[in-house]
Amino acid sequence: MKRSIAVFAASMLVGTSAFAYQVTGPVLEVTDTKIVVEKDKEKWEIARDKDTKGDKNIKKGDRVTIQYRMTATEIESKSAKKDDKKDEKAKK
């Protein structure tokens, strides 16, 4: 029984973290809507809002680790070119 619970818990962790990422570094800028962190001399700007969990009193210079997800907000699709459609038919 304990083994099946452990397997289930591990599968849940793998499943939920598939699109989860993290960045660690010093805070360069922080506002109510974003936090900017430096990682490998690059600036990482992460959006935040009232629902963001964690310390609300972060200030410039603090070292932080941010967990974040990337989620599509809009997808635009364009039809395949006519030549592409001909190539697909030729392959069949």
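K34 and E29 are joined by a salt bridge, in which the closest N and O atoms lie 3.5 Å apart. The term denotes a side-chain nitrogen of Lys or Arg within 4 Å of a carboxyl oxygen of Asp or Glu. Side chains of opposite charge can pair when their charged atoms come close.

The model is predicted, and local features need pLDDT of at least 70, side-chain atom pairs count only at pLDDT 80 or more, and totals for chains, interfaces and linings use all residues. Residues are numbered from 1 along each chain as its sequence is written, and side-chain values use heavy atoms, with hydrogens and water left out.

By the rule above, the count is 5 salt bridges. Among them are the following pairs.

| Pair | N to O distance |
|---|---|
| K34 and E29 | 3.5 Å |
| K34 and E45 | 3.9 Å |
| D62 and K59 | 3.7 Å |

K34 also forms a salt bridge with E45. This pair links distant parts of the chain, 11 residues apart: K34 belongs to strand β2 (residues 34-39) and E45 to strand β3 (residues 42-47). Strands are DSSP runs (E, at least two residues), numbered from the N terminus.

E29 is partly exposed, because its relative accessibility is 36%. E45 is exposed, at 56%.

The side chains of D62 and K59 form another salt bridge. D62 is partly exposed at 23% relative accessibility, whereas K59 is exposed at 52%. Salt bridges with shared partners join E29, K34 and E45 into one network.

Key. Buried < 20%, exposed > 50% of the residue type's maximum accessible area, 1.4 Å probe, protein only. Helix = DSSP H or I, 4+ residues; strand = E, 2+ residues; numbered from the N terminus.
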